Amino acid sequence: MNAPAPKEAIIKMYAAREEIHPREVKGTFATLRRVCVWLTQLLFYGLPWLALHDRQAVLFDLGARKFYLFGLVLWPQDFIYLAGLLIISAYGLFLATAVAGRVWCGYACPQTVYTEIFLWIERRIEGDRSARIRLDRQPWSLEKVAKRGGKHLAWGTVALWTGFTFVGYFTPIRTLAEAALHVRLGPWEAFWIVFYSLATYGNAGWLREQVCKYMCPYARFQSAMFDRDTLIVSYDTARGEPRGALRNGNGKDSGKGDCIDCSLCVQVCPVGIDIRNGLQYECIGCAACVDACKGVMDKVGKPRGLIRYATENALANGWDGWRIGTRILRPRTIGYGLVFVLMAVGMSTALALRTPLKLDVIRDRGSMGREVEDGRIENVYRLQLMNTGERAHWFRLAVHGIASADIVEEELVDMAGASARAVPVRVRIDRAAVVTGSNKLTFTATAVDDPALTVTEQAVFIVPR
């Protein structure tokens with residue numbers, strides 16, 4: 001007889017998701033998270049409605065290629081400032097992570113913020129954790145349809161307003177609101193409102209912890225910025241183990257640690273992990289488990305801090321808060337801090353010294369230089385002027401570097417604030433003052449009402465044989 005063929009082993013490359021219903025928790029860090037939610041959303045939803053100099057205070061006008069940041073007007077030529085801002089933000093994040101772990105993820109990350117908002121809506125409509133679990137298990141009924149429908153309608157409203165606000169940073173939000181009210185949205189505005197709304201609805205309403213576990217790259221490389229002196233949410237194993245339930249009313253149980261194995265730290269975790277298993281990449285450092293454990297320790301009459309913000313060295317050596325604080329300044333944090341400060345100072349200095357006037361000179365290549373009726377040599381240029389300030393100015397154009405050089409016609413140029421203009425210019429020079437071939441020439445544009453506002457640009461004057 002032939003032996004039966006062995007059964008094929010099925011290896012799952014992706015673990016099936018278990019629905020997580022985080023329990024609501026109150027405490028210091030929960031309050032801090034709510035404060036961060038309010039601050040970030042007041043900033044996000046409110047900034048587009050602020051006006052400054054008869055325009056939107058913060059607007060990234062891609063069509064006009066102008067970027068308004070309060071009193072600052074940036075152009076594509078100012079991309080270096082955006083690069084500097086990104087570098088400063090990156091090193092600020094590195095520094096915060098080296099000092100205090102994933103505080104960004106736990107308190108200010110948009111995924112965390114909108115998940116908190118959506119969870120708040122869910123609790124208000126469907127009830128607390130146990131009520132939501134019961135609702136999941138119940139068969140569909142009119143009550144279940146009403147609760148689920150109301151929840152998703154509220155989620156969709158928040159997501160739609162979020163998408164509308166996001167697009168309001170790129171299209172003047174008042175114009176966008178008027179177009180939306182009259183159903184006259186352009187195709188791109190409509191697309192991005194819907195796209196960003198769906199992204200918010202899907203990420204905060206459905207994916208939630210899946211984004212942190214599988215989609216966010218920060219969770220994967222955060223450990224490169226951690227060391228044994230990084231402040232992280234930690235479980236004090238030496239104090240808590242062996243864990244076990246209380247068997248008497250006075251909170252003392254011989255041979256047991258302080259952990260009573262109530263699992264509240266797991267129930268309140270938004271990513272569904274057990275902090276008692278040690279540091280895990282899924283942990284976002286929100287400290288919900290810290291607040292939950294504090295309440296339990298208070299009830300059983302034991303000191304707080306079984307789960308707390310601590311460092312590996314502090315847990316191993318029994319350090320107090322003062323000793324932990326002395327380890328904040330160490331080579332890693334000093335390095336991140338120095339780069340952060342130097343970049344911030346350099347960026348601030350560059351912006352403070354930035355001249356709100358730009359000049360590009362393009363010589364007409366269709367004409368290499370010609371002799372005109374008075375025997376002089378003429379070259380034609382196009383001067384690209386950009387007034388990046390908010391005030392209108394008259395600018396006087398001039399040429400230097402070659403004796404007898406002058407501009408034939410227009411020497412005064414009127415420019416509005418935050419505008420660009422191409423000015424054709426003809427320059428003539430006596431042949432005796434130049435040599436055949438190329439000669440260096442300097443163009444200058446100076447504001448008539450503000451002589452300190454001036455800019456120069458080099459060019460070449462061609463003399464034919």
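**Figure 1. Overall view of the predicted model.** Contact here means heavy atoms within 4.5 Å. With that in mind, residues 24 or more positions apart account for 68% of the contacts in the protein with a separation of 6 or more. This is a predicted model, and the protein in it has 16 helices and 16 strands. Its C-alpha trace spans about 110 × 70 × 60 Å along the principal axes. The radius of gyration is 32 Å, whereas a compact globule of 465 residues would have one near 23 Å. Of the 465 residues, 41% are buried. The accessible surface comes to about 26,000 Å², and carbon and sulfur atoms hold 62% of that surface.

**Figure 2. Charged side chains across the protein.** Here we turn to charge. There are 57 positive and 45 negative side chains, and the centres of the two sets lie 8 Å apart. Side chains of opposite charge can pair when their charged atoms come close.

**Figure 3. The salt bridge between glutamate 378 and arginine 428.** The N to O distance in this pair is 2.6 Å. Glutamate 378 belongs to strand S10 and arginine 428 to strand S14 (residues 419–429), so their pairing ties together parts that are 50 residues apart in sequence. Are these two partners buried or exposed? Glutamate 378 is buried, at a relative accessible area of 1%, and arginine 428 is buried too, at 11%.

**Figure 4. Aspartate 406 paired with arginine 376.** In this salt bridge the closest N and O atoms are 3.5 Å apart. Aspartate 406 sits in strand S12 (residues 406–407), while arginine 376 is in the loop between strand S9 (370–371) and strand S10 (377–387), so the pair ties together parts that are 30 residues apart in sequence. Aspartate 406 is partly exposed, with a relative accessible area of 31%, but arginine 376 is buried, with 15%.

**Figure 5. Glutamate 241 and arginine 243.** The closest N and O atoms of this salt bridge are 2.9 Å apart. Glutamate 241 counts as partly exposed at 30% relative accessibility; arginine 243 is partly exposed as well, with a relative accessible area of 27%.

**Figure 6. A network of salt bridges.**

Note on methods
Residues are numbered from 1 along each chain as its sequence is written. This is a predicted model: local features need pLDDT of at least 70, side-chain atom pairs count only at pLDDT 80 or more; totals for chains, interfaces and linings use all residues. Side-chain values use heavy atoms; hydrogens and water are left out. Helices (H or I, at least four residues) and strands (E, at least two) are DSSP runs, numbered from the N terminus. The radius of gyration is taken over C-alpha atoms; the globule rule is 2.2 Å times the number of residues to the power 0.38. Buried means under 20% relative accessible area, exposed over 50%, partly exposed in between (1.4 Å probe, protein chains only). Accessible areas come from the Shrake-Rupley method with a 1.4 Å probe; for residues, only the protein chains shown count as cover. Lys and Arg count as positive and Asp and Glu as negative; His and the chain ends are not counted. The place of a charge is taken as NZ of Lys, CZ of Arg, CG of Asp or CD of Glu. A salt bridge is a side-chain nitrogen of Lys or Arg within 4 Å of a carboxyl oxygen of Asp or Glu.
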